[in-house]
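Please look over the sequence and the structure below before reading on. The report then goes from the whole chain to two local regions.

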Amino acid sequence: MTLKITTAAQRPELLEPLWAMPDTWPEYVQNDPIGWAHFARIPAVFPDFVLIATDDVGEVVARAFSVPFALNVSGRHGLPAAGWDQILLWAFSDHRKSVRPDTVSAIDITVRPDHLGRGLSATMLAALRDNAGAAGFAELVAPVRPTGKSAHPRLPMAEYAALTRPDGLPVDPWLRTHVRAGGVIDSIAPTSMTVPGTLAQWRTWTGLPFDTQGPVDVPGALTPVHCEPDHDYAVSVEPNVWVRHSLV
């Protein structure tokens with residue numbers, strides 16, 4: 001397969017098939033309030049930082065979203081604990097206030113389900129690095145959602161991220177891809193994505209009863225979801241792993 005990667009700015013006609021492309025994200029993740037408010041706006045506001053991959057017949061098979069933001073400014077002390085959510089807030093706030101960006105953050109790399117296992121995630125990550133570098137940025141950062149962590153929801157993220165194979169590379173496949181691409185694990189973002197909801201919403205999102213006080217293991221979730229039946233809500237607070245990619 002010959003892959004063609006272009007930006008949304010170069011080929012805006014691909015936005016409709018991009019949004020129609022199926023993905024494997026858990027439904028509850030798509031109900032993160034900050035993501036709900038901002039994610040779909042990325043191609044319109046930052047079209048030069050959205051990459052779209054098409055195959056030999058022109059079908060969209062992968063996407064990679066990123067956003068420019070200002071990291072090295074007063075009031076921002078390193079990569080944020082609130083990870084993915086905070087970066088979206090910073091990027092759109094900086095754009096609105098005309099704050100000059102100095103860093104690019106990856107936001108999403110998604111491969112069409114029938115093309116998984118072909119190395120496209122690594123290809124899209126390399127393309128994000130190249131795109132940010134070509135735009136004059138010295139660093140790409142990524143609040144990585146480790147793909148294997150859902151099999152170990154009770155294990156703290158710091159312990160999971162530190163697990164390595166005999167060759168020294170991370171046990172987690174997605175973290176391993178980032179490290180192989182030149183990324184360096186920096187820190188944990190403990191509150192990277194927060195998804196609150198009523199019990200009825202969580203039952204709809206997961207098919208689980210959500211009728212017991214305390215942690216609930218949800219398929220696909222990186223950590224247990226906290227359930228409060230007496231107060232009719234549950235909340236997921238997922239950690240990510242910050243990875244830095246130097247582009248110089």
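## Basis of the model

This is a predicted model, in which local features need pLDDT of at least 70 and side-chain atom pairs count only at pLDDT 80 or more, while totals for chains, interfaces and linings use all residues. Residues are numbered from 1 along each chain as its sequence is written, and side-chain values use heavy atoms, with hydrogens and water left out.

## The chain as a whole

The secondary structure of the protein chain comes to 8 helices and 9 strands; helices (H or I, at least four residues) and strands (E, at least two) are DSSP runs, numbered from the N terminus. The C-alpha atoms fill a box of roughly 50 × 45 × 45 Å along the principal axes. The radius of gyration is 18 Å, which agrees with the value near 18 Å for a compact globule of 248 residues; this radius is taken over C-alpha atoms, and the globule rule is 2.2 Å times the number of residues to the power 0.38.

Of the 248 residues, 48% count as buried, where buried means under 20% relative accessible area with a 1.4 Å probe, protein chains only. Among contacts (heavy atoms within 4.5 Å) between residues at least 6 apart in sequence, 72% join residues at least 24 apart.

## Helix α7

Helix α7 covers residues 173–180, and its buried residues are Trp174, Leu175, Arg176 and His178. What covers these buried residues includes the strands β4 (103–111), β5 (139–144), β6 (184–197) and β9 (233–246), together with the helices α5 (120–134) and α6 (157–162).

At the start of α7, a side-chain oxygen of Asp172 comes to within 3.0 Å of the backbone nitrogen of Trp174. Just after the helix, Gly182 has a positive phi of about 110°.

## Glu228

Glu228 lies in strand β8 (residues 225–228). Is Glu228 buried or exposed? Glu228 is buried, because its relative accessible area is 14%.

Leaving aside neighbours within four places in sequence, Glu228 is in contact with Leu199, Gln213 and Tyr233. With Gln213, there is a side-chain to side-chain polar contact of 3.2 Å. The side chain of Glu228 also makes a polar contact of 3.0 Å with that of His226. A polar contact is a pair of N or O atoms within 3.5 Å; within protein, one must be able to donate a hydrogen and the other to accept it, and residues adjacent in sequence count only if both atoms are side-chain atoms.

Technical notes
Buried means under 20% relative accessible area, exposed over 50%, partly exposed in between (1.4 Å probe, protein chains only).
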